[in-house]
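Thanks for coming. Please have a look at it first.

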Amino acid sequence: MTLSENDLWLLSYYRSSEINGALFFGRVARTLRGGPLQANVTHHFADEANHAKYWTRCIEDLGHPATKLSGSYQDQYLEAVGLPANLMEVMAVTQVFEKRVIAQYRRHLRAGDTHPRVRQTIETIMEDERWHVKYVRDALEEMAGRYGQEYIDSTLARFTAADEEVYAKTLAEYGERITFLSGPDLPFEDPPSAEGTP
């Protein structure tokens with residue numbers, strides 16, 4: 001299959017965002033003391049690196065090298081909200097961002113002409129993304145005693161507003177490349193709470 005220029009750009013954008021996610025979570029994992037959260041963040045780091053690998057292979061399987069891009073969605077995030085001030089803010093921005101990733105991939109799956117190889121890649125990645133939302137949600141619940149639920153809720157609200165702003169800006173800047181993904185977000189359903197990791 002020959003990818004259109006816009007399709008190649010979008011898949012490369014996904015790849016670039018996953019690389020940036022891996023680098024971010026690698027840095028966070030290095031700062032954490034041993035324990036369940038350190039293990040989960042390290043797992044998250046490995047997932048993000050694997051997702052970049054999956055996109056690289058997908059693009060290559062469709063007959064192209066990935067396009068080198070200078071920026072990613074996360075870069076705009078940090079411009080909008082600044083660096084997280086503490087571990088709770090790291091988890092809060094992660095929760096909001098991971099929900100955005102799931103919404104974006106769900107939009108892509110709804111597109112009628114999504115290539116089966118692209119669909120397979122998204123579905124594989126979505127399994128990990130659902131777990132990311134779950135473990136981060138659980139971590140935030142455990143942090144309520146230390147930070148206070150009101151502070152966590154207001155932080156999530158602040159990052160959600162920033163996410164909406166960044167997503168609107170991204171659509172305005174690159175909208176012609178992703179017109180087939182237009183439409184409202186589907187409501188996000190949190191994965192069930194359960195012990196352990198996948």
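Before the packing angles, a word on how they are taken: an axis is a line fitted to C-alpha atoms, for a helix over the stretch in contact, and the angle runs from 0 to 180 degrees between N-to-C directions. What you are looking at is a predicted model.

With that in hand, take helix α3, residues 73–81, and helix α6, residues 149–174. Their axes lie 9 Å apart, and the packing angle is about 130 degrees. That makes α3 oblique to α6. The crossing of α3 past α6 is right-handed. On the α3 side, the residues involved are Y73, Q76, Y77, E79, A80 and V81, and they meet R158, F159, A162, D163, V166, Y167, K169 and T170 of α6. By class, the residues of this contact are eight nonpolar, two polar and four charged.

Now the overall picture. The protein has 198 residues, and 46% of them count as buried. Taking contacts between residues at least 6 apart in sequence, 85% join residues at least 24 apart.

Next, α2. This helix covers residues 36–61, which is 26 residues. From first C-alpha to last, α2 reaches 37 Å, close to the 38 Å expected at 1.5 Å a residue. Just after α2, G63 has a positive phi of about 90 degrees.

Which residues of α2 are buried? They are N40, V41, H44, D47, E48, H51, A52, W55, C58 and I59. As a reminder on that spacing, an α-helix has 3.6 residues a turn, so residues three or four places apart point the same way.

How do the axes of α2 and α4 cross, and within what distance do they come? They come within 14 Å and cross at roughly 30 degrees. This crossing is left-handed. From α2 the contact uses L37, V41, H44, E48 and W55, and from α4 it uses L87, M91, T94, E98 and Y105. The residues of this contact divide into six nonpolar, two polar and two charged.

To put the two pairs side by side: α3 and α6 pack at about 130 degrees, while α2 and α4 cross at roughly 30 degrees. The α3 crossing of α6 is right-handed, and that of α2 and α4 is left-handed.

How values were computed. Residues are numbered from 1 along each chain as its sequence is written. This is a predicted model: local features need pLDDT of at least 70, side-chain atom pairs count only at pLDDT 80 or more; totals for chains, interfaces and linings use all residues. Side-chain values use heavy atoms; hydrogens and water are left out. Helices (H or I, at least four residues) and strands (E, at least two) are DSSP runs, numbered from the N terminus. The expected span of a helix is 1.5 Å times one less than its number of residues. Buried means under 20% relative accessible area, exposed over 50%, partly exposed in between (1.4 Å probe, protein chains only). Angles under 35 degrees count as roughly parallel, over 145 as roughly antiparallel, 65 to 115 as roughly perpendicular and the rest as oblique. A crossing is left-handed if the near helix is turned anticlockwise from the far one by less than a right angle, and right-handed if clockwise. Contact means heavy atoms within 4.5 Å. Ala, Val, Leu, Ile, Met, Phe, Trp, Tyr, Cys and Pro count as nonpolar, Asp, Glu, Lys and Arg as charged, and the others, Gly among them, as polar.
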